[in-house]
Amino acid sequence: MTVDLPAPIVVTRHQCPFCRRHTRASATAVQDHMTRCWRNPALRNCKTCQHHLPATQGESCNPGEWCACGDYPEACDIDAAPAGATFPISHCPKWTPTA
């Protein structure tokens, strides 16, 4: 009597070096993601700047959890964003890397 067992296979995945969450089987897909990854410091965006003020919420809705009804939306503490810009922005002229 023979027993058929699953055969193990090796799978190659590619991971974004900045956010570490984005993985794909295709290296090209990850390279494409890296050109717009919010954690990529080369893009000089809000999420990698020391002036970034993340969105916070009040305690009235879901205490301790983000629920999109926050008291303070995402912002910049030096008002570096161009007029009419929505956060997060990229290629900011006043971008300063986080320490």
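Predicted model: local features only at pLDDT ≥ 70, side-chain atom pairs only at ≥ 80, totals over all residues.
Arg-20 counts as exposed, because its relative accessibility is 52%; exposed means over 50% relative accessible area, buried means under 20%, and partly exposed lies in between (1.4 Å probe, protein chains only).

Residues are numbered from 1 along each chain as its sequence is written, and side-chain values use heavy atoms, with hydrogens and water left out.

**The overall picture**

The protein has one helix and four strands, and along the sequence they follow the pattern β-β-α-β-β. Helices (H or I, at least four residues) and strands (E, at least two) are DSSP runs, numbered from the N terminus. Of the 99 residues, 22% are buried. The accessible surface comes to about 7500 Å², and carbon and sulfur atoms account for 55% of that surface; such areas come from the Shrake-Rupley method with a 1.4 Å probe, and for residues only the protein chains shown count as cover.

**Two positive phi angles**

Most residues other than glycine have a negative phi. Arg-20, in the loop between strand 1 (14–15) and strand 2 (23–24), has a positive phi near 60°. His-91, in the segment after strand 4 (75–76), also has a positive phi, of about 60°, although it is not a glycine.

**Cysteines without a bond**

A disulfide is a covalent bond between the sulfur atoms of two cysteines; here the cut-off is a pair of cysteine sulfur atoms within 2.5 Å. How many disulfides does the structure hold? The count is zero. Cys-16 is in no disulfide, and its nearest cysteine sulfur, that of Cys-19, is 3.7 Å away.

**A buried loop residue**

Thr-48 sits in the loop between helix 1 (27–34) and strand 3 (52–53). Leaving aside neighbours within four places in sequence, Thr-48 is in contact (heavy atoms within 4.5 Å) with residues including Trp-38, Pro-41, Trp-95 and Pro-97.

Here is how accessible some of these residues are:

| Residue | Relative accessibility | Class |
|---|---|---|
| Cys-16 | 0% | buried |
| Thr-48 | 9% | buried |
| Cys-76 | 15% | buried |
| His-91 | 55% | exposed |

Finally, among contacts between residues at least 6 apart in sequence, 31% join residues at least 24 apart.
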